[in-house]
Amino acid sequence: MADSSTTCATPRTDVAFQRCISPSCAATYGVDEVLVACTACGGLVDVVYDWDRLGPPDSWKFFENKWSARRDRLAFSGVWRFYELMQFAPRDNVVTIGEGQTLLQRSAGVAEFVGLKPDGLFLQYEGMNPSGSFKDNGMSAAFTHASLVGARQAACASTGNTSASLAAYCSSLGAMKAVIFIGSGKISYGKLSQALDYGALTVQIAGDFDDAMARVKEVSAEMGIYLVNSVNPFRLEGQKSIMFRVLEGLGWEVPDWIVVPGGNLGNSSAFGKAFAELREIGLIDRVPRLAVINATGANTLYQLYEKRGVRWNDGATAPDVIEQYYVEMDSEARRASTIASAIEINRPVNLSKCLRALDTCDGVVRQVSDQEILDAKARVGAGGLGCEPASAASVAGAKLLRDEGVIAPSDRVVCILTGHQLKDPTATMAYHTTDQDQFNEVLGKRGVRRATFANRAVTVANDVDEIVKTIQLYG
Ligand code: F0G
């Protein structure tokens, strides 16, 4: 059952607080404050727990036992089943619409495509969330915090999935009004239709995602609207649960690799934080390696991390190198452009947290072309778990790392499928089409030349014999 309460309640200020991620600043704030940046230095903030006072569970059995109590909404939610690992709000304030019912699935077909043993590749399918993407994990946590602080309006900038998720939570809880900022023409119909259908106020900005992001920050600050983009540290608390479910799916064994698409870098940041905390409280004794995959057309993290050597470096992340990169990007008028619209982002807002996660998890960053993304997406689809293009970047990235020998043939690899296939059918249809004009219009202009794994529809006369013959020939 959903909880529609928005009254202010007492946050868990005794055991949780917010803290600037920069070790040289480390300013702290209560969990009852609404922050998208440190007010002392402008850096990103984390939610931090006093594990000694909390006394977290010392065994995964504790969480397993919750499966027998699934009539309790906190045990039902795949996020809040792990409440003890994100305890910033009292139980009564937790907001859930049943998110996180997602499974880790082994895929022999995708394993073969990537170059791994049949039992070496796992897909964490977050498209199964209520609004069709991983965003719901974070949104339930952000809404829980919003309910603590009595927010009445919530806003986001979005390439589509955040807006669909925000709109779904606002409408199903009936507690807050959603305001959505999108770049013009930069959102798939599948996602935009959700926001419109769920009744969100949708503001189309003449610009791209980065413009929408900059404006929503300004407007939210000016109007006191609760911002739910991943600069909100509570969002990332919910997204940690994706890793808890991955571990659960592996019988609490740590895989060798987590591979995730990188856009605004919220997921990768949340995953790194999750593993750092689990190691700190002793629930795991080693962390997996993390691979963050950019699209070649939106490769800021790849450029900074792999080409310009930017590292976390205990919070000294070389802001001058980063700034110089953005100056060059702007002076050359380079704007992100990829078929993977969800990760078509120039200035990832969680860059510093992601650098910290890459440090925690001995991470690597790679870029993959739209061609590689669509071929990987077709292989994922052929296995029965459709995903949207951005999600398939993880599988394309795993294949690249395997080809390079960075991932070993015997490694256990988990790719995160972040969004559902039905959210962006345009790319899928263009890939499988027999119509060359449609292919060129959607994909050819992006440098996609082949549809190696296309499954073409077969045209046949309106005649039983012809249909039977066709099925005998192709079936
Ligand atoms: N995959 C999908 C399907 C997404 O929608 C997004 C982000 C990402 C990957 C990137 O994740 O930001 O954690 O690195 N979509 C945002 C949105 C930007 O507005 O829906 P990240």
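Colleague: What are we looking at, an experimental structure or a predicted one?
Modeller: A predicted model. The chain has 475 residues, with 18 helices and 13 strands.

Colleague: How much of the chain is buried?
Modeller: Of the 475 residues, 59% count as buried. The accessible surface comes to about 18,800 Å², and carbon and sulfur atoms make up 49% of that.

Colleague: And what share of the contacts is between residues 24 or more positions apart?
Modeller: Such pairs account for 71%, counting contacts with a separation of 6 or more.

Colleague: Which way do its side chains point?
Modeller: Val-413, Cys-415 and Leu-417 point one way, Val-414 and Ile-416 the other way. Residues on both sides are buried.

Colleague: Which strands pair with S13?
Modeller: Strand S5, residues 121-125, runs parallel to S13 and is joined to it by 5 bridges. In that pairing, Leu-123 stands opposite Cys-415. Strand S10, residues 257-261, also pairs with S13 in the parallel sense, over 3 bridges. There, Trp-257 has Val-413 as its bridge partner.

Colleague: New topic. What is the strand order in the open sheet of 4 strands?
Modeller: The order is S8-S7-S6-S9, and the pairing is parallel. S8 (201-205) and S9 (226-227) stand at the edges; each has a single partner strand, so one side of each is left without a neighbour in the sheet.

Colleague: How many bridges join S7 to S8?
Modeller: 5 bridges, with S7 covering residues 177-183 and the two strands running parallel. One of the bridge pairs is Gly-183 with Ile-205 in S8.

Colleague: Now the surface. Which residues make the nonpolar patch?
Modeller: Val-458, Leu-473 and Tyr-474 make a nonpolar surface patch of about 350 Å².

Colleague: Where is Val-458 found?
Modeller: In the loop between helix H17 (436-442) and helix H18 (464-474).

Colleague: Why does Val-458 count as partly exposed?
Modeller: Because its relative accessibility is 44%, and partly exposed lies between the buried cut-off, under 20%, and the exposed one, over 50%.

Conventions. Residues are numbered from 1 along each chain as its sequence is written. This is a predicted model: local features need pLDDT of at least 70, side-chain atom pairs count only at pLDDT 80 or more; totals for chains, interfaces and linings use all residues. Side-chain values use heavy atoms; hydrogens and water are left out. Patches are made of residues with over 30% relative accessible area and no salt bridge: like charges are joined within 9 Å, nonpolar side chains (Val, Leu, Ile, Met, Phe, Trp, Tyr) within 5 Å. Accessible areas come from the Shrake-Rupley method with a 1.4 Å probe; for residues, only the protein chains shown count as cover. A salt bridge is a side-chain nitrogen of Lys or Arg within 4 Å of a carboxyl oxygen of Asp or Glu. Buried means under 20% relative accessible area, exposed over 50%, partly exposed in between (1.4 Å probe, protein chains only). Contact means heavy atoms within 4.5 Å. Two strands pair if DSSP finds at least two bridges between them.
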